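Here is a short briefing on one chain, grouped by topic. Please keep the sequence and the model open while reading.

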Amino acid sequence: MVLDFLCMFYFGLVVVMHLTDFFNELQLTVPQRFFLHFYVIAVLLTTSLVLSTWFYAYKKMTPLASEPLQFSTIASHLTGDSHMLSIHKSTTFPMKRRFEVWKIVLVLLMMEAQVLRRLYETLYVFNYGPSARMHVLGYLAGLFFYTAAPLSVGSTCALEAINYAGSQIVEFIVKGRSRMPDVEFFHWELLKPLFYLGWCQWFGAALFVWGSIHQLRCHAILGSLREQRGADEYIIPNGDWFEYVSCPHYLGEIVIYAGILLASGGFDPTVWLLFFFVVSNLVFAAAETHRWYHQKFESYPPSRKAIIPWLY
């Protein structure tokens, strides 16, 4: 059901993106500073999923044992020692399921880092002028996407995690604080299960960080150009990945979601759906931007590609 819903969701986004081009002549626009709305919604939703899933994993999906666990050709086994977390243990969930839930905690934390950084950039890096506008359909597509993205990466356990957190809240309301068992959170034990994850997850996290660093640098370059130029003046950006492609911030976004895909294990169709949507949308947008640069600047560097260095 979740997969069907997200398939319809992303199909609707594709339709909206094409309608944006089709209805451009209608001039239905909103200020570009409304980008802020995307990331506020994404931060609120992702934070809720992170907290509920992490709480669920901590209470129900520990400990993670040290014995090897074969369930993919990439992440071949779990590593760690035999120490048991000092909370009540659950023996009703197989080790593979526990690993899956903690893996989703990591991926949701990556998504949280992404949307928090984009929120920061919108507030402090980009200087949107009063004349900067975007089409209203593009605005709606952004709202849809940043609602679907966190749900996609957490879809396999989000519902059960939210239900569990909700049941705990209801129990607290009904019983009162005095009749609830004490719950102790140990900071190290909140983080320790993440270190049991396979190298696939950590390679994905490293790829995510690499893409995030370069996207932050490229956004800083674009933000500085906004401060340098006049209202109708455009400047060719240079530096970092701009030396290779016209849209390195889009390339960084693809690398970021490739890291999320790899950290998820590569077997969740909803994350693949998210990744394919990001790639298809940004490759199309990069091609249009690249074409515009060549039309605008006669001296535009001929060696630059649109989005993939030396290829496209």
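Phe275 counts as buried, because its relative accessibility is 14% and the cut-off for buried is under 20%. Phe275 sits in helix H9. The model is a predicted one.

**Phe275 and its surroundings**

- Phe275 is in contact with Ile254, Tyr257, Ala258 and Leu261, leaving aside residues up to four places away in sequence.
- Ser152 is 123 residues from Phe275 along the chain, yet their C-alpha atoms are 9.9 Å apart.
- Pro269 also belongs to helix H9.
- Pro269 is partly exposed, because its relative accessible area of 43% falls between the 20% and 50% limits.

**The contact of H4 with H9**

- Which residues of H4 and H9 meet? On the H4 side they are Phe145, Ala149, Ser152 and Val153. On the H9 side they are Thr270, Val271, Leu274, Phe277 and Val278.
- By type, the residues of this contact are seven nonpolar, two polar and no charged.
- The two helix axes, of H4 and H9, come within 8 Å. They cross at roughly 145°.
- The H4 and H9 crossing is left-handed.

**The largest nonpolar core**

- The largest nonpolar core holds 66 residues.
- Which members touch the most other members? They are Trp102, Met111, Phe145, Tyr257, Ile260 and Leu274.
- Helices that each supply at least two residues of this core are H2 (35-60), H3 (95-124), H4 (136-153), H5 (158-175), H7 (199-228), H8 (248-263) and H9 (269-296).
- H3 gives the most, with twelve residues.
- Ile260 touches Val107, Met110, Met111, Val153, Phe208 and Val271, with residues up to four places away in sequence not counted.
- Phe145 and Leu274 are core members with the most contacts to other members, and both also take part in the contact of H4 with H9.
- Tyr257, listed with them, is in contact with Phe275.

**The segment after H9**

- Ile307 lies in the segment that follows H9.
- Is Ile307 buried or exposed? Ile307 counts as buried, because its relative accessibility is 0%.
- Ile307 touches Val245, Cys247, Tyr250, Leu251, Ile254, Leu282, Val283, Ala286 and Tyr312, again without residues up to four places away in sequence.
- Ile254 is a contact of Ile307 and also of Phe275.
- Trp310 is exposed, because its relative accessible area of 67% is over 50%.

**Positive phi values**

- Most residues other than glycine have a negative phi.
- Trp310 has a positive phi of about 65°, although it is not a glycine.
- Asp240 has a positive phi as well, near 50°.
- Asp240 is found in the loop between H7 and H8.
- Asp240 is partly exposed, because its relative accessible area is 22% and buried requires under 20%.

**Annotated spans**

- An unreviewed UniProt entry carries the annotation "transmembrane region" for residues 7-24, 36-57, 99-116, 136-159 and 194-213.
- In the model, residues 36-57 are 100% helix and 0% strand. The end C-alpha atoms of this span lie 31 Å apart.
- Residues 194-213 are 75% helix and 0% strand. Their end C-alpha atoms are 22 Å apart.

**The chain as a whole**

- How many helices and strands does the chain have? There are nine helices and two strands.
- Along the sequence, their order is α-β-α-α-β-α-α-α-α-α-α.
- The chain has 312 residues, and 47% of them count as buried.
- Among contacts in the chain with a separation of 6 or more, 84% join residues 24 or more positions apart.

Conventions:
Residues are numbered from 1 along each chain as its sequence is written. This is a predicted model: local features need pLDDT of at least 70, side-chain atom pairs count only at pLDDT 80 or more; totals for chains, interfaces and linings use all residues. Side-chain values use heavy atoms; hydrogens and water are left out. A nonpolar core is a set of buried Ala, Val, Leu, Ile, Met, Phe, Trp, Tyr and Cys residues joined through side-chain atoms within 4.5 Å. Buried means under 20% relative accessible area, exposed over 50%, partly exposed in between (1.4 Å probe, protein chains only). Helices (H or I, at least four residues) and strands (E, at least two) are DSSP runs, numbered from the N terminus. Contact means heavy atoms within 4.5 Å. Axes are lines fitted to C-alpha atoms, for helices over the stretch in contact, and angles run from 0 to 180 degrees between N-to-C directions. A crossing is left-handed if the near helix is turned anticlockwise from the far one by less than a right angle, and right-handed if clockwise. Ala, Val, Leu, Ile, Met, Phe, Trp, Tyr, Cys and Pro count as nonpolar, Asp, Glu, Lys and Arg as charged, and the others, Gly among them, as polar. UniProt positions are given in the numbering used here, feature names are shortened, and annotations may be inferred rather than shown by experiment.
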